[in-house]
Amino acid sequence: MEPLAPEEGFVDISEEKDGGLLKKILVEGQGDDSPPPGSDVEVHYVGTLHSDGSKFDSSRDRPGNFKFAVGVGQVIKGWDTGICTMKRGEKCILRCRSDYAYGDMGSPPKIPGGATLNFEVELFSWKEKVKPAFQMTMDERRAHANKMKEQGTEAFKAGDYATAVNRYQDGAEYITYSPDDDDHGHGHSHGGMPCSGHGDDDDKADEKPAELSEEDKQLAVALLNNSAMANLKLGEADSAKFDCVKALEYDSKNVKALFRKGQAELAMGNFKACVEVCGRLLEEDPQNKDAEQLKLKASHAEQKQKKNEKAMYSKMFG
């Protein structure tokens, strides 16, 4: 087939260099990494016919991002190749000759046979397929946990708190995995422990936390603290509290875990619990101004709550 006509800003990214797949970057992405084949990616796209510019499909017309596994044949060849060249946050145009799109048959009624297509694609994030924790060595689990920590921090800085939580919890699950676990890490979990619901203040899973080296404990606590911070940003105070409870199992005096637990208690309206947590924190760090302010805020809220309750009872039984 004839190569696509050259145009300013477009480069040939086809593996065969046959001119059938061109790319033009509209917004540069961050970092050096691109999603490897098999990764679960999240994108937005707008598809138009190259012949007349008419739109035939757009994920932006529907709620949520478009999610799929790239490089494994779930989408057209142009996407499988092109998206694997993109960086996080990049927006580009992928111009796909028909053999990189829907071929001679097209996709009636909107895409005729032999059509060249333009896709404006924005790549938000991806997650690589990895072996489950029970199939990894300790070194492999540690490397994966560190990678998830880095990806979580990138997502947090970009304001994508849901992805940040996903990455931090994934990393925590791998670094705290114990070969004695029976469920091999399946199911919803926080910090490697299966979640059976988030109970009251110090409700914890029945199992003891995994035995970890000091280095791995520090990594686990950092991941759980970061997850708590992202959950607080999402307004998920209960999940943030659970993260902190798990972090404190590995380091009972950790100042960040205590402070974020206090923030979660305050957000949940547990003012007395917040005051108690801040008291523990100030025993460890007496000069912590943020903890003093949080404790004061919770004390005032508790007093106001009691006053309101008293007034309500007076009306009821007055």
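Residues are numbered from 1 along each chain as its sequence is written, and side-chain values use heavy atoms, with hydrogens and water left out.

On confidence, the chain looks like this: the mean pLDDT (the predictor's confidence in each residue, from 0 to 100) is 90, and 88% of the residues reach 70 or more. Residues 184-206 are another matter, as pLDDT stays under 50 there. The model still has 44 contacts beyond four places in sequence for that stretch, a contact meaning heavy atoms within 4.5 Å. Where pLDDT is low, the predicted coordinates should not be read in detail.

The chain holds eight helices and nine strands; these are DSSP runs, numbered from the N terminus, with helices (H or I) of at least four residues and strands (E) of at least two. Of its 318 residues, 45% are buried, where buried means under 20% relative accessible area, exposed over 50%, and partly exposed in between (1.4 Å probe, protein chains only). Taking contacts between residues at least 6 apart in sequence, 64% join residues at least 24 apart.

Axes here are lines fitted to C-alpha atoms, for helices over the stretch in contact, and angles run from 0 to 180 degrees between N-to-C directions. Helix H4 (residues 214-233) and H5 have axes that come within 8 Å and cross at roughly 165°, which means that H4 is roughly antiparallel to H5. The cut-offs for that wording are under 35 degrees for roughly parallel, over 145 for roughly antiparallel, 65 to 115 for roughly perpendicular, and oblique for the rest. The crossing of H4 past H5 is left-handed, a label used if the near helix is turned anticlockwise from the far one by less than a right angle, with right-handed used if clockwise. On the H4 side the contact includes Val-221, Leu-224, Ala-228 and Leu-232, and on the H5 side Ala-240, Cys-244, Ala-247 and Tyr-250 are among the partners. By class, this contact splits into eight nonpolar, four polar and three charged residues. Ala, Val, Leu, Ile, Met, Phe, Trp, Tyr, Cys and Pro count as nonpolar, Asp, Glu, Lys and Arg as charged, and the others, Gly among them, as polar.

Ala-228 gives a residue-level view of H4. Its relative accessible area is 0%, so Ala-228 is buried. Leaving aside neighbours within four places in sequence, Ala-228 is in contact with Ala-240, Asp-243, Cys-244 and Arg-260. Ala-247 is 19 residues away from Ala-228 along the chain, and their C-alpha atoms are separated by 9.5 Å.

Moving along, the axes of H5 (residues 237-250) and H6 (residues 255-267) come within 8 Å and cross at roughly 150°, so H5 is roughly antiparallel to H6. This crossing is left-handed. Among the residues involved are Ala-237, Cys-244 and Leu-248 of H5 and Leu-258, Arg-260 and Ala-264 of H6. The contact has ten nonpolar, no polar and four charged residues.

H6 and H7 (residues 271-284) likewise have axes that come within 8 Å, crossing at roughly 165°, and H6 is therefore roughly antiparallel to H7. H6 passes H7 in a left-handed crossing, with Leu-258, Phe-259 and Leu-266 of H6 and Phe-271, Val-277 and Leu-281 of H7 among the contributors. Here the tally is nine nonpolar, one polar and three charged residues.

Most residues other than glycine have a negative phi, and most peptide bonds are trans. Lys-17, though not a glycine, has a positive phi of about 55°; this residue sits in the loop between S1 (11-12) and S2 (21-27) and is exposed at 55% relative accessible area. The peptide bond from Pro-108 to Pro-109 is cis, with omega near 5°, and Pro-109 lies in the loop between S6 and S7.

That loop, between S6 (91-96) and S7 (117-127), also carries Arg-97, which counts as buried at 5% relative accessibility. Not counting residues up to four places away in sequence, Arg-97 touches residues including Met-1, Glu-2, Asp-18 and Thr-116.

Terms used:
This is a predicted model: local features need pLDDT of at least 70, side-chain atom pairs count only at pLDDT 80 or more; totals for chains, interfaces and linings use all residues.
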